[in-house]
Amino acid sequence: MEDGRAVRVAYHLYRGPGGEKAVIPGSLGRCEFGLEIAVSLAFLVFVMRLSLDKARGLLAFFQKLTLSKSQVDALLNRLSKAWEPEFDRLCTLLANSAVVHADETGWSLNSVWALLSEHSRLFLFGVPKDAATLATLLPKDLFSGVLVSDDAAVYRDFNTAQKCWAHLLRKAIRLTLLQPDSDVYRLFCDGLFELYRKACRLKADRRLSDTTRAARALLLEDDLWALCESRYRDETEPATDLERDFRNLVHELLRLMEADELFTFVTHADVPGTNNEAERALRDTAADRKTARTNKTLRGARRRSVLTSVLESLRVRLDDFSLANVLNEVERWRQTGQSCFQQTLTTLNLPPPDASPLNTLLPAA
């Protein structure tokens with residue numbers, strides 16, 4: 001690409017004295033297209049969420065570059081292969097992060113996960129929703145940060161965690177909507193909302209020392225116990241499904257309180273009280289699932305995981321996340337021989353992983 005237009009350049013290629021292969025600057029190996037073309041395609045498909053045909057149409061209209069669908073597919077495969085080491089570096093950065101937001105949803109193949117941190121944004125398509133997947137990405141003997149998530153069983157038993165208050169509040173709202181004439185459900189819902197607002201005000205009060213904030217966070221647990229005590233001590237079997245849901249919610253709240261996973265956000269400045277960030281990250285993916293724009297093979301899921309993760313991780317690193325700036329950043333990698341993710345690993349003195357998480361989760365065919 002030169003000045004926004006595709007330009008054909010001719011090269012003579014020769015082997016070196018020792019049989020070394022010639023390398024065309026700015027290309028993906030012995031490829032007839034420049035790296036910037038492959039990155040532009042990946043940006044259009046995995047960030048702008050255009051189909052392959054629409055991405056081809058845009059390049060043909062604006063850059064005067066005509067590509068067949070097979071060429072687009074081959075270019076994305078080549079770029080994915082070239083960026084696989086970057087994906088593994090992102091996994092290392094994730095496991096050494098201070099705060100990680102995690103969420104998952106169904107996919108055409110198994111599930112899709114979103115794991116977001118201050119260093120990286122990982123998206124894994126076509127992997128199982130189980131403890132083995134999470135252990136590969138966040139090994140409990142290595143990850144010492146705070147895990148922000150919902151209350152799914154796969155997220156339990158981490159050293160420090162924050163469970164999503166939005167999920168808990170929605171369950172309380174559901175009780176009042178299904179039985180609006182119940183004073184018990186309404187008072188419980190109002191009390192739970194007031195408790196969460198009180199916790200948010202406490203978190204936002206910059207006048208408090210860390211010791212005072214931690215002491216007041218303990219008082220929040222007393223308020224929660226007072227709200228739940230009567231239903232918790234009531235051993236009467238629920239007569240309806242709604243009463244069973246109410247009992248389960250009370251037991252869930254007290255279990256999370258006992259595990260110190262409800263008010264972590266009050267004493268940790270960088271930890272929010274909800275997991276909305278990870279949920280928002282999966283909205284477009286959920287829309288793709290509904291419109292059948294998903295991968296049907298593990299090979300496609302692997303490619304999508306690599307390209308989406310690298311591009312979305314650049315989103316949090318670039319002040320202005322645009323195609324032009326992404327191309328400039330990738331060109332800087334080529335000139336310096338080191339990506340920004342590799343530079344961060346070097347700065348933090350983090351060794352590379354013993355085994356490739358990508359190959360463990362999505363083995364190459």
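1. In which sense do E1 and strand E2 (residues 111–117) pair? The two strands pair in the antiparallel sense, over seven bridges. Strands are DSSP runs of E with at least two residues, numbered from the N terminus, and two strands count as paired if DSSP finds at least two bridges between them.

2. The model is predicted: local features need pLDDT of at least 70, side-chain atom pairs count only at pLDDT 80 or more, and totals for chains, interfaces and linings use all residues. Residues are numbered from 1 along each chain as its sequence is written, and side-chain values use heavy atoms, with hydrogens and water left out.

3. The hairpin of E1 and E2 has four residues between the strands, and Asn110 takes a positive phi near 55° there. Gly106 has Ser111 in E2 as its bridge partner.

4. The open sheet holds five strands in the order E3-E2-E1-E4-E5, with mixed pairing. Strand E3 (121–127) and strand E5 (160–163) stand at the edges with a single partner strand each, so one side of each lacks a neighbour in the sheet.

5. E1 is joined to strand E4 (residues 146–149) by three bridges, and these two strands run parallel. Val146 in E4 is the bridge partner of Val99. By contrast, E2 and E3 pair in the antiparallel sense over six bridges; here Leu115 is partnered by Leu122 in E3.

6. Strand E1 (residues 99–106) is largely enclosed by the rest of the structure, because six of its eight residues are buried (under 20% relative accessible area, 1.4 Å probe, protein chains only).

Terms used
Buried means under 20% relative accessible area, exposed over 50%, partly exposed in between (1.4 Å probe, protein chains only).
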